[in-house]
Amino acid sequence: MSGEQILLGLGIIIILGISLQWFARALKIPGIILLLPAGMIVGPILGLVKPYEILGNALFPIITLGVGILLLKGGFDLRIRDLQPGVNKAVWRLVTIGVLITLAIGTLAILLILNIPFKLALLLASVLIVSGPTVVGPILQFARPKEPVGSVLLWEGIIIDPIGASLGVAVLSFIMATNAYPVLEIFLTIITGIIIGSVAAVLYIASERAGRVPPNLSALVAFMFGIMAIVAGELIFSEAGLFAAVAMGFILGNQRFTPATGIKEFTETIEPLIIGMLFIMLAALVDLNDMGQYLPSALLLVAVYVLIARPLIGLVATRGLEFSLAQRIFIGAMAPRGIVAAATASLFAINLTRAGIDFPHLMPMVFLVILFTVAIYGISAPVLARKLKISQPGVNAVAVIGDQPWVVDLTNALHNAGCNVMLVAPGDENIQKRESKIPYITYTESLAQLADEDVVDEVHKFKERIKWLIIATNNLDRIKLAEDTFTSQVGHSGMIVLGRSRQRQDEAIFAKGGSDMLINTPFGLFGRNEDEILDILDNNGVFDVINGSKQHDEGEVPEGTVPFLKVLSDGNLAVPGDVLPLKRGEQLVVVSKQFKIF
């Protein structure tokens, strides 16, 4: 390929990998549903992306490093605190008994459906064991099952990836007669990976504790140690690098010696890039003619996995534990295949071809199973969680923090309008005395404790549902402190500074050509319109809630009031805009000039 063609191919991989995940997030579907078809289109159909020709022999080493970083992020998210009673036993059963059941049923089904030799059926079945955080995580975000279901599935998805890949390598070496003791190889691979990952984690912790890492290099140093662990593991045993990545991430996520912010920063940023690039490149390797040929066989195999194997595993893994029937059903209805299955299948196909072993079924069958299982579980999981009544409330809550005298009045109005709301009042003794009588969640401890993600209580669980933060203060230091506490949760676009000190906020809005009533902002509360609201509040104004019965047919608000924000029937907030007539179940929060609306 020419330099221009390579540049075009790399550009397409990166652009599609990111933009399609962005689009999928807007559609509330797993990104892989769009990434795999897109990779097939720009690869075998249009011929714009040819991974082998673009990267050559570096293709699969790059894929290995990418998968390792994803598992490092997954291991970092595995917190011991999530291991509630029954969770650890369920996870252990899923990654041991569950693996054996999946392997046995899968091998038998493949033998019957494809009529291929036993060794090849065993290899394909071993590849299809893995699920993975790249597909389980996004689906759980949409389905939002109540704990401990989410923890069980996330732990399983992260741990089973390197186990399944190692099992596949052992079967491959058995087929190619390169290793007479495949079980011993799996054991040594696991032990080697755990040791290397532990050493890398200790080195990173020691570096951070010693203060030797500059803040602007913290993320890159974390990335360096992660790559070091993956490479060292892979050089000793194939797939040991994946175990090293999980072990390193797990240790860093649960230790208390250093915040390990570098790991979090680089993994959260680079994870979507790696996922997008890997799925586009791997899908571009697929032969569409083979996929069409094996489509009926793949559908039968997916039916076996979805309707027989996984429900059986879910029931066995949770038997005798403190899981409700609904939770057991949901665990038995969640096993999408992901990036590790695609990567290992692609690598195995090359090794088999070089060894003169003909196995054309491998690549198309694996990619079809991935595509169908992700589509089935991605679409059905949110619906099933609601039907089983185990889904958590959506991310639509509001937090109010500030030192203005009308903060409690504002919070009361939001609560009365149907919002899920929390009042954050650190050190406020008046609120502390009245907490038991306040009908919504209040928080009066330090903001530092609220920012601690390792604390598990009602307030911190509610914080995970917060979508908007209203900062009601004129104090720049308090604004900065509130922003630092909630940025990771709501982002800057979900923060509203309701006060006189909002220079940065106004500059960002007016730079986009905003006007007095800036309808492109979450609430439209900036410019002179916000100053008008603050003037009323400073003169003993109050917050009130009105519904459609208190509006004229054409909308508008009662005389002497100013619209603040609209609360939709599902508790979400919306910009009042031109104050259209309220629909059934909607409420409008207004600011009244010194009188109440009855």
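This is a predicted model: local features need pLDDT of at least 70, side-chain atom pairs count only at pLDDT 80 or more; totals for chains, interfaces and linings use all residues.

User: How many residues of strand E7 are buried?

Analyst: Strand E7, residues 561-567, is mostly covered, with 7 of its 7 residues buried. For the chain as a whole, 53% of the 598 residues count as buried.

User: Okay, and strand pairing? How do I read that?

Analyst: Two strands count as paired if there are at least two bridges between them. E7 pairs with strand E9 (residues 587-592) in the antiparallel sense, over 6 bridges.

User: Which other strand pairs with E7, and over how many bridges?

Analyst: That's strand E8 (residues 573-574), again antiparallel, over 2 bridges. Here Lys566 faces Ala574 in E8. E7 and E8 make a hairpin with 5 residues between them, and Gly571 in the turn has a positive phi of about 90°.

User: Back to E9. Which strand is joined to E9 by 5 bridges?

Analyst: Strand E6 (residues 542-546), and the two run antiparallel. Val545 has Val589 of E9 as its bridge partner. E9 is mostly covered too: 5 of its 6 residues are buried.

User: What about helices? How does the length of helix H12 compare with what's expected?

Analyst: The expected span is 1.5 Å times one less than the number of residues. Helix H12 (residues 240-254) has 15 residues and reaches 21 Å from its first C-alpha to its last, close to the expected 21 Å. H12 is also mostly covered, with 12 of its 15 residues buried. Among the buried ones are Leu242, Phe243, Val246, Met248 and Leu252.

User: Let's take a single residue. Why does Ser166 count as buried?

Analyst: Ser166 counts as buried because its relative accessibility is 4%, and the cut-off is under 20%. Ser166 lies in helix H9. Leaving out residues up to four places away in sequence, Ser166 touches Ile186, Thr189, Glu239 and Phe243. Phe243 is one of the buried residues of H12.

User: Last topic: cavities. How many does a search of the whole structure find?

Analyst: A cavity is a space where a 1.4 Å probe fits but cannot get out. The search finds 1 cavity of 30 Å³ or more. The largest cavity has a volume of about 110 Å³.

User: Which residues lie nearest its centre?

Analyst: The largest cavity is lined by 14 residues, and nearest its centre are Thr102, Ile129, Arg310, Ala335 and Arg337. Helix H6 (97-114), helix H9 (149-175) and helix H15 (295-318) are the elements that give two or more residues to the lining. H15 supplies the largest share, 4 residues.

User: And what is the lining like by class?

Analyst: By class, the lining of the largest cavity has 8 nonpolar, 3 polar and 3 charged residues.

Notes. Residues are numbered from 1 along each chain as its sequence is written. Side-chain values use heavy atoms; hydrogens and water are left out. On a 1 Å grid over the protein atoms alone, a cavity is a set of points where a 1.4 Å probe fits but cannot get out, and a pocket is an open set with protein on both sides within 12 Å along at least five of seven lines; lining residues have an atom within 4 Å of a point. Grid points are joined across faces, edges and corners, and a volume is the space filled by probe spheres set on the points. Ala, Val, Leu, Ile, Met, Phe, Trp, Tyr, Cys and Pro count as nonpolar, Asp, Glu, Lys and Arg as charged, and the others, Gly among them, as polar. Buried means under 20% relative accessible area, exposed over 50%, partly exposed in between (1.4 Å probe, protein chains only). Contact means heavy atoms within 4.5 Å.
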